[in-house]
Amino acid sequence: MKKFQRYSEIMNRLHTFKHVNVKDLADTFKVSEETIRRDLEQLEKDGVVKRKHGGASLVAESDFPYAFRATTNSEKKKIIAKKILPLLKEQYSIMADSSSTVLEAIRLLSIQGQSFKVITNSINMLYELSSTPLDFISTGGMLKPDSATLVGSQAINTIHHYYTDVTLLSCRSFSVNGASVNGEQEGFTKKEMVRQGRKVIMLVDSSKLIPHEDALFQFASFDDIDYVVSDTPLPEAYHEVLKRHHVEVL
């Protein structure tokens with residue numbers, strides 16, 4: 001097994017078990033413990049794990065470098081982006097958060113040839129897609145360097161002045177209580193985006209489907225959400241609350 005395959009498998013195990021042991025990994029991959037220590041050292045340099053005696057634990061996903069999050073579960077994000085296109089055909093204004101899943105959807109939308117107005121707090125979206133036919137408005141605000149996200153009172157004030165046909169968001173955790181993130185400033189900014197969208201579409205890949213676990217700050221309940229779009233069918237734990245709140249799932 002090549003080292004990048006080991007990196008991927010180590011991350012998969014960390015997402016499942018939250019902690020890995022050097023000896024167990026060495027036995028599983030049939031390599032030396034020193035090789036595993038070097039793997040974990042590199043992943044720690046990348047900012048996605050924290051080494052501890054005899055192993056490593058997962059850094060909170062909200063603390064991952066954006067470049068890492070943008071390439072994680074990329075196929076799942078592409079599936080979600082394709083699913084969402086029919087919902088956007090008759091819409092002309094979009095509020096878009098800074099998540100990598102929403103960026104993938106807007107990226108796909110940008111090659112369709114239609115002109116949309118997009119209000120966003122994503123520096124990466126503004127930079128990457130500024131030369132496309134889409135008409136972008138930046139929220140302004142305080143920059144979170146780790147995620148290239150604009151947040152805070154200025155961003156919220158800008159968002160407050162726009163009503164859009166659709167708001168597109170993702171989250172850290174999508175539970176039976178709603179959508180949540182770990183940061184309060186990010187949460188308040190997303191909450192204002194939810195208020196200003198006539199339709200709210202939540203984009204959640206399967207790694208975000210955590211029925212009974214919430215992140216720190218809830219920014220949307222099921223009363224706020226019109227559609228949930230995922231790469232996989234939602235588990236049975238969600239069925240009753242989705243039906244009760246008339247949320248459509250794609």
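The lining of the largest cavity divides into one nonpolar, four polar and three charged residues; Ala, Val, Leu, Ile, Met, Phe, Trp, Tyr, Cys and Pro count as nonpolar, Asp, Glu, Lys and Arg as charged, and the others, Gly among them, as polar. The model is a predicted one, in which local features need pLDDT of at least 70 and side-chain atom pairs count only at pLDDT 80 or more, while totals for chains, interfaces and linings use all residues. Residues are numbered from 1 along each chain as its sequence is written, and side-chain values use heavy atoms, with hydrogens and water left out.

The lining is formed by Asp97, Ser98, Asn121, Thr149, Val151, Glu186, Thr189 and Lys190. Strand E8 (149-151) and helix H9 (184-196) are the elements that give two or more residues to this lining; helices (H or I, at least four residues) and strands (E, at least two) are DSSP runs, numbered from the N terminus. H9 gives the most, with three residues. A cavity is a set of points on a 1 Å grid over the protein atoms alone where a 1.4 Å probe fits but cannot get out, and lining residues have an atom within 4 Å of a point. The count comes to one cavity of 30 Å³ or more, and the volume of the largest cavity is about 40 Å³. Grid points are joined across faces, edges and corners, and a volume is the space filled by probe spheres set on the points.

Glutamate 186 is placed in helix H9. Leaving aside residues up to four places away in sequence, glutamate 186 touches Lys144, Val151 and Val181, contact meaning heavy atoms within 4.5 Å. Its C-alpha atom is separated by 26 Å from that of leucine 43, a residue 143 places apart from glutamate 186 along the chain.

H9 also packs against another helix. The axes of helix H8 (residues 153-160) and H9 come within 9 Å and cross at roughly 5°. Axes are lines fitted to C-alpha atoms, for helices over the stretch in contact, and angles run from 0 to 180 degrees between N-to-C directions. The angle makes H8 roughly parallel to H9, since angles under 35 degrees count as roughly parallel, over 145 as roughly antiparallel, 65 to 115 as roughly perpendicular and the rest as oblique. Ala155, Ile156, Ile159 and His160 of H8 make the contact with Phe188, Thr189, Glu192, Met193 and Gln196 of H9. Five of these residues are nonpolar, three polar and one charged.

Helix H5 (residues 74-88) packs with helix H6 (residues 100-110) at an angle of about 55°, the axes being 8 Å apart. H5 is therefore oblique to H6. The contact joins Lys77, Lys78, Ile80, Ala81, Lys82, Ile84, Leu85 and Leu88 in H5 to Ser100, Thr101, Glu104, Ala105, Leu108 and Leu109 in H6. By class, eight of the residues in this contact are nonpolar, two polar and four charged.

For helix H2 (residues 22-29) and helix H3 (residues 33-45), the packing angle is about 110° and the axes are 8 Å apart. H2 and H3 are therefore roughly perpendicular to each other. Val22, Lys23, Leu25, Ala26 and Phe29 in H2 meet Glu33, Ile36, Arg37 and Leu40 in H3. The contact of H2 with H3 has six nonpolar, no polar and three charged residues.

Conventions. 1 Å grid on protein atoms, 1.4 Å probe; cavity = no way out; pocket = protein on both sides within 12 Å on 5 of 7 lines; lining within 4 Å.
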